[in-house]
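Please consult the sequence and the structure shown below while reading.

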Amino acid sequence: MEEEGKPRINNLRTLRNSILIATKLFVGICFAFVIIGGLPSLARAATLYFSPAFGSYPVSSNLNLSVYVSSPDESINAVSGIVSFPSDKLEVISLSKTGSIINLWVQEPNYSNSTGQINFEGVILNPGYTGAAGKIISLQLRAKNPGLSLVNFSSGSVLANDGLGTNVLTSLGRAELNLQGATAPSGPGEIDTPSVNPSTPAAPEIVSKTHPDPNKWYANANPEFSWQLTKDATAIRLLYDNYSRSVPSVVYQPPISEKSLSEIKDGVYYFHAQQKNSNGWGGISHFRFQIDTVAPELSAEFLGSKEKSSPRPKLKLAGSDSLSGIDYFLITIDAQEGLKVPAEELDNGVYQFPVLAPGENGILIQVFDRAGNLTSLAEKIYVEPIALPIITDYPKELEAGQAMVIKGGSLPGAKVVFKFEKGGQVLGEQAVQADPFGNFVFVYHDKVESGVYRFSAKTVDSDGAESFYTEPVAIAVSPGTFSRMGLFLVNAFGVVAAIVSLLAVCLISFWYLKHKLSVWRLNLAKEVKEVESVLAKEFYRLQLEVQKQIKVLEQAKTKRELTKEETELIEKLKLHLAMAEKTVKKEIQDIKDKIS
């Protein structure tokens, strides 16, 4: 413990003081256990609490008390509550919404001094609030009569900003106010709070973002505290120790508004703060915080053999934690989702497993204390399988649509579970009950289709104990008679359709080619006719020219005798002209014949 936080206890502490300290610590632990014993895990946990949670005030003085919400892991968007206070000892002077995280009040904060109740209900707009010290309202109270005055919540709710309005409130705090003249016993070494002048500062409102709930345990050994200073504060003195009503002694001038402690040993502590102004020291705030950083102890023992276990083994669990206490056990089987078992639900410390699968099972056992510390143990247990079912008759081949009937034997009255697959895909499980003699007849529920089915079976008795699955068995399912006829007709129709299609293609192609050939022949005949006409014209011109030359030679013959060469030329011209005409006519006629 740091020098500034050492309790104001000297070496004269007696055995009586030690006994009283131990008694007080034990009572505090039991109180925390009762408050949070039924809570779930800290995830999605919200708390409504007061600050300061403890304090000593003289009668007729005014005191300030604030309502806070803590929700460090979940965004919240609505808060409501009813605060109860003893109307014979306290009265409300005023309510303040200054500094509140509430944006919209569904019900304006109100109070009744006659019934001793304060009501509030408000909404926090998106994105909501996440944190450990969200102020709701501030109360100014007046101490009327001496005594130990408890301010607590009659009811409350904190709604998550999850679109569902989930109530995540897990605990409601309270404030213990010792009004001067109270007869509550003082612990050893405690100093009663002296009288406070009404003109001195009110007790500061202490909050902690690391240890927000005074009734909870935390595995954080480095608590942090903060408070708001009054405008006229000139100094502040602080202290932390094991006593609820000590007077702080470490002075800070100028005053500070926050304080962090480090490496605090496990235990129950109180943080005390007192402000000073020009009129003197004011009221004292006392904030309790609880630290437990040590993991709990755990022992686990299977009742019976771990090598040949029954399907529902029993496990003897024992956990201990000297400070915060055991919260719950977590049992995880073969890396599946863990099963949370509150310590108080165990039957004389014995946990009975649900039915385990045959073969080796890995078991992880964890115990959590109320500060979230945990200890783990890993175990393995082998569950003895019961007898396999015997398959005596099954169809090795079937036609589609026929019933699949499987016969066999098993334990009398046991259930036989069949697992089916086809084409690598699991189709599901179906079961049948064996008769008192162990015989069974299984009929597959669904319509079978062509393909290869595979099935395996296991036995499950009335206690849930199981056997392994048998080796897979294959059943070939072929198409039925009508299916085969239909397939034949489909195939025949396909062949006929293919032939008809081919003939149609051939006919269309033939018609197309014939049409193209006719067009080609017509075009060719037209071209031949044009060639014939051109050749006739040109040949006629040639013929006229040759005849003209022959006539010239013949006319020359009347005047003189033609030479031998000239006479031969005339004969050759006539011969070649006749031969050329005959050849051209013949070639044109041949082309016409081929076109036809």
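In what order do the 4 strands of the open sheet lie? In this predicted model, the order is S21-S20-S23-S24, and the pairing is antiparallel.

**Open sheet**
- The edges are formed by strand S21 (339-342) and strand S24 (374-383), each of which pairs on one side only.
- From one strand to the next, the twist averages 20°.
- Strand S20 (residues 326-333) runs antiparallel to S21 and is joined to S21 by 4 bridges.
- Phe 329 has Val 341, in S21, as its bridge partner.

**Cis peptide bonds**
- Ser 51 and Pro 52 are joined by a cis peptide bond with omega of about 0°. Pro 52 is located in the loop between strand S1 (46-51) and strand S2 (54-57).
- A cis peptide bond also leads from Gln 253 to Pro 254, where omega is near 10°. The loop between strand S14 (250-252) and strand S15 (258-260) contains Pro 254.

**Positive phi at non-glycine residues**
- Asp 334 is not a glycine, yet its phi is positive, at about 50°. Asp 334 is placed in the loop between S20 and S21. Its relative accessibility is 38%, so Asp 334 counts as partly exposed, this class lying between the cut-offs of 20% and 50%.
- Asn 348, likewise not a glycine, has a positive phi of about 55°. Asn 348 belongs to the loop between S21 and strand S22 (350-352). Asn 348 counts as exposed because its relative accessibility is 64%, and exposed means over 50%.

How values were computed:
Residues are numbered from 1 along each chain as its sequence is written. This is a predicted model: local features need pLDDT of at least 70, side-chain atom pairs count only at pLDDT 80 or more; totals for chains, interfaces and linings use all residues. Side-chain values use heavy atoms; hydrogens and water are left out. Two strands pair if DSSP finds at least two bridges between them. Helices (H or I, at least four residues) and strands (E, at least two) are DSSP runs, numbered from the N terminus. Axes are lines fitted to C-alpha atoms, for helices over the stretch in contact, and angles run from 0 to 180 degrees between N-to-C directions. Buried means under 20% relative accessible area, exposed over 50%, partly exposed in between (1.4 Å probe, protein chains only).
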